[in-house]
Amino acid sequence: MTLDLLPAVDLLGGRATRLAQGAAGTEIAYGDPLEAAMAFLTDGASWLHVVDLDAAFGRGPANREQIARIVAAAAPARVEASGGVRTAEDLHALLDLGAARVVIGTAALETPGWVIEACARHGDAVAVGLDARGQTLQARGWTEPGGDLFETLQRLDGAGCRRFVYTEVSRDGMLGGPATESLTAVLAATGRAVIASGGVAGLGDLHALAELEPHGLEGVIVGRALYERRFTVAEALAVLAEAAP
């Protein structure tokens, strides 16, 4: 099986933006998000990972119009939507826009009962975001600690959540390589599908991640490396196909 590649389109104030370690004030703007999304799709992407950073920072769902435009233009490619999904209303709004999958992060730490219910009701249309600095989860736009990574993973796995998106925050947007050691530990702790995010800088990183596919890695989210043209979506897909077990 070949790993899914999910190019990231992070939205801040209606623009495509990348942050360093998710920190406000580190923005690098990359222009119109629909143009970025279409460039990835034209190059062969079958998934996009779209994040409403304003919502993640608690500023409200300021970018839903942009998400709707991307979802409509992307079809038949699929969109995984994320950022500030803290209520059933937030979840249903993104599903109603046509997102194929919605990632819930902070709410899985603060209102786990609802998230477990959402996982049961929506199945593969819901993933749980596990964003961590080391073993400590990060909540509310990565501004507050949110508990132990492995305790939370065990609890949500046992409750039936089917898929996790794991990010090592210290690697995100830094082009320093993925956190393969901690990712390997996460994969060993669950039999569920895992999508990795953070740190991919070159094609060699993708080749290394592909080796983890037999252990449960399903996909990889890539952002800044694509925007800075370290490689293209087509090149990434070719490497993942070649490296597939």
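Start by selecting D124 and R162: the two form a salt bridge, with their closest N and O atoms 3.6 Å apart. A salt bridge here is a side-chain nitrogen of Lys or Arg within 4 Å of a carboxyl oxygen of Asp or Glu. The pair joins distant parts of the chain, 38 residues apart: D124 sits in the loop between α6 (112–122) and β7 (126–133), and R162 in the loop between α7 (149–158) and β10 (163–168). Helices (H or I, at least four residues) and strands (E, at least two) are DSSP runs, numbered from the N terminus.

Before going on, a word about what is on your screen. This is a predicted model, in which local features need pLDDT of at least 70 and side-chain atom pairs count only at pLDDT 80 or more, while totals for chains, interfaces and linings use all residues. Residues are numbered from 1 along each chain as its sequence is written, and side-chain values use heavy atoms, leaving out hydrogens and water.

Now colour by accessibility, where buried means under 20% relative accessible area, exposed over 50%, and partly exposed in between (1.4 Å probe, protein chains only). Is R163 buried or exposed? R163 counts as buried, at 9% relative accessibility. D124 is partly exposed at 40%, and R162 is partly exposed at 40%.

The structure holds eight salt bridges. For another one, select R59 and D54, whose side chains meet at 3.3 Å, N to O. D54 is buried, with a relative accessible area of 7%.

Last stop: the largest pocket. A pocket is an open set of points on a 1 Å grid over the protein atoms alone, where a 1.4 Å probe fits, with protein on both sides within 12 Å along at least five of seven lines; lining residues have an atom within 4 Å of a point.

Select A39, F40, L226, Y227 and R229, which lie nearest the centre of the largest pocket among its 13 lining residues. The elements giving two or more residues to this lining are α1 (33–42) and α10 (224–227). Helix α1 supplies the largest share, four residues.
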